[in-house]
Amino acid sequence: MRQYIIAGNWKMNKTVSESVQLAKDIVEAVKDVKKTEVVIAPTYLAAAKVADVVKGTNVKLAIQDIHWKDQGAYTGKVSIDMVKEIGAEYVIIGHSEQRQYFHETEETVNLKVKKTLEAGLKPIICIGETLEQRNGGILKEILGLQIKGAFKDVSAEDAAKCVLAYEPVWAIGTGVTATDEQAQDTQAYARSVVKEIYGEAVAEGMRIQYGGSMKGANAPGLLAQKDIDGGLIGGAGLKADTFKAIIDAAE
Ligand code: 3PY
């Protein structure tokens, strides 16, 4: 049985004080949650303060991205050691917004995945197709390239520590959600690619989140699907009650 993982990706939202308040509200809202793994990903600026809020609670910290180099002249970036020191457990890698606006490629995703694993943290690797790719009939090809690219030279033992997040680009921040069936079919395909690379045990153990306008209303249908093991949540993760509604569907 795979444990559900619900992660709030706060993106570029909330000031530091707002982030601390939201983290406090979420900690309070989920204090009785037992079965679901709850994760929040604030901005870099707020991360250290949010880490203090979630310490010793059942809420875990994720960082929205890292650089794969250990240190140096990389203005605007943070290293895995910085992230590790504040107690983050997960790193979101390859989000479509990174791919779309900040030149993320299969190669940089792979470098970040390997650096994260090397440091003992766990990658949440985002994959997903654009509407043009889906309509053009190359969905499987794109997902195959993304998954194989992310896991290049990653051992089965390390791959087993990763989470995949399937986020159809056309459903991110648009209010449009993939239907339960579309999400299930695509995630089953993603799992089959993992199986092709690593075999049955790793594929069956790997958690695959759905992301893209998941909210309390559509979470029960999505989470009931066999190959959907949680959610990477955008807008609904920015308020404790809407985030909790999704967690309730997982519990
Ligand atoms: C969304 O649901 O908008 C996301 O991109 C979550 O990462």
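**Exercise 1.** In which handedness of crossing, left-handed or right-handed, does α1 pass α12?

*Solution.* This is a predicted model, in which local features need pLDDT of at least 70 and side-chain atom pairs count only at pLDDT 80 or more, while totals for chains, interfaces and linings use all residues. Residues are numbered from 1 along each chain as its sequence is written, and side-chain values use heavy atoms, with hydrogens and water left out.

Begin with the axes (lines fitted to C-alpha atoms over the stretch in contact, with angles from 0 to 180 degrees between N-to-C directions). Those of helix α1 (residues 16–29) and helix α12 (residues 240–250) come within 9 Å and cross at roughly 35 degrees; helices here are DSSP runs of H or I with at least four residues, numbered from the N terminus. The crossing of α1 past α12 is right-handed, a term for the near helix being turned clockwise from the far one by less than a right angle.

**Exercise 2.** Name the residues that make the contact between α1 and α12.

*Solution.* With contact taken as heavy atoms within 4.5 Å, α1 contributes L22, D25, I26 and A29, and α12 contributes A240, F243 and K244.

**Exercise 3.** Find which side chains and backbone atoms lie by an oxygen atom of the ligand.

*Solution.* The side chain of N9 places an N or O atom 3.1 Å from a ligand oxygen, a polar side-chain atom of H95 is 2.9 Å from a ligand oxygen, and for G234 a backbone N or O atom lies 3.3 Å from one.

How values were computed. Polar contact = N/O pair within 3.5 Å; in protein donor to acceptor, adjacent residues only side chain to side chain. Helix = DSSP H or I, 4+ residues; strand = E, 2+ residues; numbered from the N terminus.
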